Amino acid sequence: MDFSLTDEQELVRATAKQFAHEVVAPRARESARNARFDVELVGKIAEQGYLGAIVPREYGGAGLDYRTYGLVVEAVGGVDSAMRTVISVQTSLVCSAILRWGTEEQKQAWLPRLCSGEALGCFCLTEPDTGSDAANQRTRAAKVDGGWRITGSKMWISLGNHAKLALVFAQTDPEKGHRGLAAFLVDTDQDGFQPQEIHGKMGLHASDTASIALDDVFAPDAALLGEVGDGFKVAMGALDSGRFSVAAGCVGICQDCLDESTRYATERRQFDRPIASFQLVQAMLAEMRVKTDAARLLVWRAGWLKDTGQPNTTETSIAKLFATEAAQWCANEAIQVHGGAGYVDDHPVERHFRDVRVTTLYEGTSQIQRLIIGRSLTGINALVPS
Ligand code: COS
């Protein structure tokens with residue numbers, strides 16, 4: 001693997017960093033304080049081409065490879081995880097699934113609108129009683145004339161209140177287990193699609209998070225993504241992309257914690273000298289640097305595997321596990337370096353500390369990533385009784 005970036009990657013990275021610092025960062029604190037999902041800013045992110053970064057240009061996307069997409073996600077994730085979540089969900093969970101499984105008609109119908117930001121998409125897998133055990137969907141899809149009727153409830157759905165398109169997973173035949181699952185491209189204007197905002201989150205206050213009731217929602221036959229029975233693979237494939245995106249966003253958090261802590265430690269004086277001169281503070285900065293570099297290299301490796309068409313589920317889980325845990329650690333240490341100043345939102349590390357907490361939970365907990373890595377080593381699926 002070549003670690004040097006191409007001229008194009010350098011340019012995309014520099015542009016994304018500038019956009020993140022000049023356009024996204026100045027709005028992040030107020031949006032978080034007011035728990036405001038910044039629709040206008042989502043539009044600006046779309047104009048940059050970031051909502052369909054990996055979608056080919058023929059469908060309205062930016063046509064980037066995964067490594068370059070990761071640089072964009074890192075840049076935005078370094079200043080605002082709520083807006084980074086929009087990119088991750090729209091691009092990795094929804095667009096990637098349509099790209100991989102969609103018919104030409106489905107691609108033409110949705111990808112240009114998703115890439116331009118005209119429509120937002122949400123990924124409806126998790127349910128109140130179905131989290132890690134994703135195959136165990138309680139939502140049911142029943143065949144009717146011309147389509148399907150879907151009934152159930154979904155939980156923790158990012159963009160669920162604003163989405164025009166919902167990628168909904170449902171069970172068509174409980175006896176078949178994960179092989180009975182199907183994925184549907186549901187228009188959220190359909191009767192019976194009822195999202196409700198979730199309040200009281202620890203972080204990601206500026207992110208739109210919904211619970212969704214599906215009450216006999218109609219999806220025409222043309223809305224089926226893949227075949228009946230493909231649903232679980234649609235979900236897992238999308239999560240391979242989504243986990244990459246979360247990991248890249250967490251590299252951004254690591255880097256920002258390091259940058260902010262280094263700046264603060266250099267300016268802040270105690271005992272007549274900058275606190276950066278104390279070895280114990282330098283040790284914290286050094287450890288942050290090590291974790292940031294390691295997380296970034298793991299993300300780049302996963303991206304390189306994706307770009308070269310190689311299997312990457314395990315390496316993506318390794319990147320997601322390491323980068324999310326590293327980002328939590330860095331955010332915690334960054335507050336330690338900032339002292340009392342880090343406990344209020346004058347400094348972004350306060351927001352990073354709250355926002356990063358969900359990253360070891362969503363798109364597969366750290367425990368699920370370890371199970372995936374463990375089974376790749378042993379060939380034993382710990383979830384199947386032996
Ligand atoms: N890509 C494509 N197919 C995959 C896949 C992947 N990454 N991972 C698994 N599959 C396929 C398997 O090949 C298998 O196919 P067959 O039916 O042809 O044999 C099928 O899916 C079932 O796989 P598996 O036996 O591994 O399923 P398990 O139920 O044992 O475990 C885990 C799956 C635990 C890995 C999965 O449920 C998971 O990732 N859970 C976490 C869910 C999650 O991330 N939720 C967050 C929601 S988004 S916020």
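**Exercise 1. Find which residues are linked in a network of salt bridges.**

*Solution.* Start with the term: a salt bridge is a side-chain nitrogen of Lys or Arg within 4 Å of a carboxyl oxygen of Asp or Glu. The network joins Arg29, Glu30, Arg33, Asp345 and Asp346. Before going on, note that this is a predicted model, where local features need pLDDT of at least 70 and side-chain atom pairs count only at pLDDT 80 or more, while totals for chains, interfaces and linings use all residues. Residues are numbered from 1 along each chain as its sequence is written, and side-chain values use heavy atoms, with hydrogens and water left out.

Next, look at one pair in the network. Asp345 and Arg33 form a salt bridge whose closest N and O atoms are 2.7 Å apart. Asp345 lies in the loop between helix H8 (313-338) and helix H9 (348-355) and Arg33 in helix H1, so this pair ties together parts 312 residues apart in sequence. Helices (H or I, at least four residues) and strands (E, at least two) are DSSP runs, numbered from the N terminus.

**Exercise 2. Work out where Lys143 and Asp221 lie, and whether Lys143 is buried, partly exposed or exposed.**

*Solution.* First, the contact: the side chains of Lys143 and Asp221 meet in a salt bridge of 2.9 Å, N to O. Lys143 belongs to strand S2 (residues 140-144), and Asp221 to the loop between strand S7 (209-220) and strand S8 (224-225), so the pair ties together parts 78 residues apart in sequence.

Then check exposure, where buried means under 20% relative accessible area, exposed over 50%, and partly exposed in between (1.4 Å probe, protein chains only). Lys143, at 47% relative accessibility, is partly exposed. Asp221 is partly exposed too, with a relative accessible area of 38%.

**Exercise 3. Find which helix gives the largest share of the shell around the ligand, and how far a polar side-chain atom of Arg375 lies from an oxygen atom of the ligand.**

*Solution.* Begin with the helices. Helix H6 (231-267) and helix H10 (366-378) each supply at least two residues of the shell. The largest share, seven residues, comes from H6.

Now turn to individual atoms. A polar side-chain atom of Arg375 lies 2.4 Å from an oxygen atom of the ligand. For Arg179, a polar side-chain atom is 3.0 Å from a ligand oxygen atom. Thr313 has a side-chain N or O atom 3.3 Å from a nitrogen atom of the ligand.

Technical notes:
Polar contact = N/O pair within 3.5 Å; in protein donor to acceptor, adjacent residues only side chain to side chain.
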